[in-house]
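Have the picture ready and follow along.

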Amino acid sequence: MKIDKRGLFGLFFLLACLGQDVLAQGQDKTVLFLGRVVTASKAEDLPLAYVYNPKAGRGALSDNFGMVEMYVFPGDSLVFTYVGYQKKYYIIPKNTDQVHRAIISLSEESKILSEVKVFPHSSEEEFKQAFLKMRLRDEKQRGILANNLEQSKLNVFALQAGMGASANFRNFSDQMVSAQANKTFFASPMLSLTNPFAWISFIQSIKNGDLKKKEWKKAYEFLPKENISRQQFLRETNSNK
């Protein structure tokens with residue numbers, strides 16, 4: 001049976017590495033950390049400061065005098081936090097005794113807070129009543145806008161709006177045609193069905209063939225465009241003649 005020398009050498013090398021790891025783990029000793037958390041400016045004690053060991057996954061709080069104690073290992077990194085103060089990291093030295101003491105000073109952290117308005121209300125119910133009675137800054141403008149957008153007023157604005165060039169010309173042509181057709185009628189505000197003069201004028205108009213004339217239709221063949229000036233309309237009319 002042949003033994004592979006390369007495989008045997010690799011096995012011995014692996015066992016040697018494992019032995020070194022086991023020996024290194026045996027040399028790691030538990031250290032009792034005794035720390036005092038104080039302010040950096042006046043060295044005042046900070047009670048209930050939080051100390052966290054991320055490697056071990058556990059933490060502790062300092063007592064009323066800022067003292068904290070917890071078991072750690074050499075090389076562990078501790079995190080110290082306190083409200084209103086900057087976070088600080090502290091590494092346990094690898095060459096230390098079984099009891100390690102340290103004073104941890106935390107610096108104040110300055111933050112600019114947003115403005116807070118305090119209202120003089122003694123109770124929540126009083127605040128609700130005051131809030132409901134509060135008027136908006138643009139309340140007047142909102143009322144004017146709602147008043148102007150009322151449907152009845154919009155209808156009036158639509159009726160008062162001016163006509164365009166085409167509609168204005170058509171209205172003018174209708175008036176001219178009406179005047180031309182009624183020029184032979186007896187013009188009187190008292191015209192009615194019982195007026196004999198009106199009937200005589202109407203019969204005479206039929207005999208003359210006024211109702212069969214279609215010259216008025218030619219006026220609609222040259223309707224002007226919308227938003228056209230008077231000078232342009234005259235130029236186009238003269239060119240069509």
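Find Y50 to begin: in this predicted model, Y50 stands opposite L61 in β3. The strand β3 covers residues 58-61 and runs antiparallel to β2, with 4 bridges joining the two. Strands of a sheet pair through backbone hydrogen bonds, either parallel or antiparallel.

Now look at how β2 and β3 connect. They form a hairpin with 4 residues between the strands, and in this hairpin G57 takes a positive phi near 75 degrees.

Strand β2 has another partner to look at. With β5 (residues 77-81), β2 pairs in the antiparallel sense over 3 bridges.

Which residues of β2 lie on its covered face, and which on its uncovered one? V51 and N53 belong to the covered face, while Y50 and Y52 belong to the uncovered face.

Next, move to β1, β4 and β7. These 3 strands form an open sheet, in the order β4-β1-β7, with mixed pairing. At the edges are β4 (67-72) and β7 (99-106), each of which pairs on one side only. From one strand to the next, the twist averages 25 degrees.

Finally, zoom in on β1, which spans residues 31-39 and pairs with β4 in the antiparallel sense over 6 bridges. To spot this pairing in the picture, look for V31, which stands opposite V72 in β4.

Methods. Residues numbered from 1 in each chain as written. Predicted model: local features only at pLDDT ≥ 70, side-chain atom pairs only at ≥ 80, totals over all residues. Heavy atoms only, no water. Pairing = 2+ DSSP bridges. Axes fitted to C-alpha atoms, helices over the stretch in contact; angles between N-to-C directions. Buried < 20%, exposed > 50% of the residue type's maximum accessible area, 1.4 Å probe, protein only.
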